[in-house]
Structure formats: C-alpha cells, structure tokens
Amino acid sequence: RREILKSKMASACQTNIDGIKQKLEECRDDIKMFVNGVVECASNHAEQHTATMQQDKENKRKLETKLQQASDHNAAKQQVSEKQTGQLSELQSAITQMEEAKGQLSTREAALKQELEALRAKKQGLLQDMEAKATSIHQNHDELVEGATWYEDRLGWKMIKKEADVIQVIFTHVQPEDVAKQFKFTLHLNADNTYTVSDVVPNIAQVPELQADLNATGNLALFMYNFRAAFRQSVLP
C-alpha cells in the first residue's frame, strides 16, 4: 500500500510539472511575439515606444504572477504529500499497536486455557475423592450389617435403621436375671467417615473411650463386642 501511494503521488507531481512546463512554453511564445511586435512597431511607430514598454512591464508582471502561482501550487502539492506521509505513518503505527494487542490477547487466551485445564483436573480429583469416600462409607455400612447378623444370632443383638446413616443398636441377654432387658445406643455415621454415639440406655462411663477407639481403628466388630462388654460390666454386682 505504501508503494502504491508513493507511485500515485509521484505521478501527480509529474503531471503538475508537465503543466508548468507547458505554461512556460506558452509564456516564451508570448514573449517572442511581443518582442517581434516591439521591433516592428519601433521601426514604424516611434511614438508607440512608451506604450510598448508599459505593455512589456505588464506582460512581465503576468509572467511573474504565473510563475508565482506555479510555485505556490507546487508548494501546496508538497504540503499535501507531507500530510499524506504523516497520515501513512500514523496508520502504520496504529496497525502495529493492533498487532501487539492481538499478540497480548493470544497470550492471555493461552493462560486462560491453562487455568481452565487446571480447574478441570482439580474438579476431577475432587470427584474421585468424593467417590472414594462414598465407597468407603458404603463398605463400612455393609460390614456393619454383616456383623449385625452374626451378633444377632449369637448374642441377642439387633440393629434398627433410623435414617440413611443412623442405626439403633439393641442388646439382650446381657443381664442374666432378665435376659429380655434391652441395652441400647444410637450410632451415627458422619459425612467425614467418623462415628458418633448417642442415646445410650442405660448410660455408661466408657462411651467416650469406646467412640474414640472406633474412630481410630474403624473396627466395628470389636466396637460392638466392647460396648456389650461395657453394658454387661455395668450390671454385674
């Protein structure tokens, strides 16, 4: 585009110069005719010498005016050329700034893509962790149910599901004098895969220790055995 613009400007200047040359040739022809007229008039009409000199001065003034106009026109063309050159420079600067901005946007886009991939990977890791915890909770629940069947058959022990993660544990055959008497408590399975004991009837002092051991080992069978043993100890004379 710059080369095309320079070519157009050079063509326009050349056209102006050719016009000026043509005008100069016309002026020269006028001067030549004037001089011939002066010579002819001088030989025939000496009285017209003063008028001829005045005409010569007028023609000279016209010639100077034409030359000045041509010079002014050329200066104007030069100003236009300089202005167009400045505009071209400004345009090129704007294009450069746009290209730099485009490069910055591309860099930012790449960084955002990396952040998005990192977030997706983090999300996937969280989902996998949640699935692993859910699997562990269900496994513990299955172990609890399986152990309950064994204890119910042999020790008069059963479980009643109160909520999704809450069960009531009931022991019988604890007190020899009254084998039907119920000894019970409620076991809560928390979201963080820990256990909480509540509603112990009759209440026994070993509850905090038994709960802590269960959360430390995760051994439900041993927990049930120790809890029944604590109940039995509480009724011994």
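Select K6 first. K6 sits in helix α1, residues 2-44. Helices here are DSSP runs of H or I of at least four residues, strands are runs of E of at least two, and both are numbered from the N terminus. The model is predicted: local features need pLDDT of at least 70, side-chain atom pairs count only at pLDDT 80 or more, and totals for chains, interfaces and linings use all residues. Residues are numbered from 1 along each chain as its sequence is written, and side-chain values use heavy atoms, with hydrogens and water left out.

Stay on K6. Its relative accessible area is 48%, so K6 is partly exposed (buried means under 20% relative accessible area, exposed over 50%, partly exposed in between, with a 1.4 Å probe and protein chains only). The C-alpha atoms of K6 and T85 are 8.9 Å apart, although 79 residues separate them along the chain.

Next, show the sheet. Four strands make an open sheet, ordered β1-β2-β3-β4, with antiparallel pairing. Two strands count as paired if DSSP finds at least two bridges between them. Colour β1 (157-163) and β4 (195-201): these are the edges, and each has a single partner strand, so one side of each lacks a neighbour in the sheet. On average, neighbouring strands are turned by 20 degrees against each other, direction ignored. Axes are lines fitted to C-alpha atoms, for helices over the stretch in contact, and angles run from 0 to 180 degrees between N-to-C directions.

Zoom in on Q168, in strand β2. Is Q168 buried or exposed? Q168 counts as buried, at 14% relative accessibility. Leaving aside neighbours within four places in sequence, its contacts (heavy atoms within 4.5 Å) include K158, I160, K184 and F185.

Move to β3, residues 183-189. Five bridges join β3 to β4, and the two run antiparallel. Pick out two pairs. L187 has V197 in β4 as its bridge partner, and L189 stands opposite Y195 in β4. Then follow the hairpin of β3 and β4, with five residues between the strands; N193 there takes a positive phi near 70 degrees.

Finish with the helices on the sheet. Helix α3 (residues 207-217) lies across β3 and β4, at about 150 degrees to β4. Helix α4 (residues 220-235) also packs on the sheet, touching β1, β2 (166-171), β3 and β4. The direction of α4 makes about 150 degrees with that of β3.
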